[in-house]
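Dear colleague,

Please find below the structure that I am handing over to you, with its sequence. My notes on its pockets follow it.

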Amino acid sequence: MAASETHHILPLPSFDKPVKLLIVVAPYYKDIADELVAGAKATIERCGGTWDLIEVPGALEIPTAIALAERQSNFDGFAALGCVMRGETTHYDTVCNDSSRGLMLLGLQGSCIGNGILTVETREQAVVRAEAAGQDKGGGAAAAALHLIALSRKWAGVRKGIGFRPEELRLAGDTSA
């Protein structure tokens, strides 16, 4: 059982300039969403960061809202929060897979996103994972985004370039560059 496992949790990063996250939540199961949001807010504030909060109708809309904010606003990162519980149809699989895939694609394009969309079989599983005093998956999503922001800032000025640079040609003895 996952609750009895021990996990290594990275210490929260520190920042020399403030960070601002957007918490995007689908409050379909409002009580669970509220717990996820409480955990995310607390984690962001422990890092000295600030946050804004928006609600979207469902988990499928979370990646789209983040993509819009990434293009049109000034957030450093995002915490994606919600809960999808298995029902009687395959809609569960579609929502889980497509919301996760959308977030992953945005992340691969450079967005700093922590995925806190719970995918569970039962309400009891969701409650255990959502509670800030429990598994705190909302706080975990915020922490993941904060770690990605820290990496992004660390590597912000580093450029690999492509091909040969004039300095490399001169070092090789070519004086024509």
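The model is a predicted one. I begin with the second largest pocket, whose volume is about 280 Å³. This pocket is lined by 16 residues, and those closest to its centre are Tyr28, Cys83, Val84, His91 and Val95. Two elements each give two or more residues to this lining, namely strand 3 (77–85) and helix 3 (91–108). Strand 3 gives the most, with 4 residues. Sorted by class, the lining of the second largest pocket holds 10 nonpolar, 5 polar and 1 charged residues.

I turn now to the largest pocket. Its volume is about 620 Å³. A total of 24 residues line the largest pocket, and Ile9, Gln135, Asp136, Lys137 and Gly140 are the closest to its centre. The elements that supply two or more residues to this lining are helix 1 (30–46), strand 4 (113–120) and helix 5 (137–154). Which element gives the most to the lining of the largest pocket? That element is helix 5, with 7 residues. As for the classes, the lining of the largest pocket comprises 10 nonpolar, 9 polar and 5 charged residues.

With kind regards

Conventions: Residues numbered from 1 in each chain as written. Predicted model: local features only at pLDDT ≥ 70, side-chain atom pairs only at ≥ 80, totals over all residues. Heavy atoms only, no water. 1 Å grid on protein atoms, 1.4 Å probe; cavity = no way out; pocket = protein on both sides within 12 Å on 5 of 7 lines; lining within 4 Å. Points joined across faces, edges and corners; volume = space filled by probe spheres on them. Nonpolar A, V, L, I, M, F, W, Y, C, P; charged D, E, K, R; others polar.
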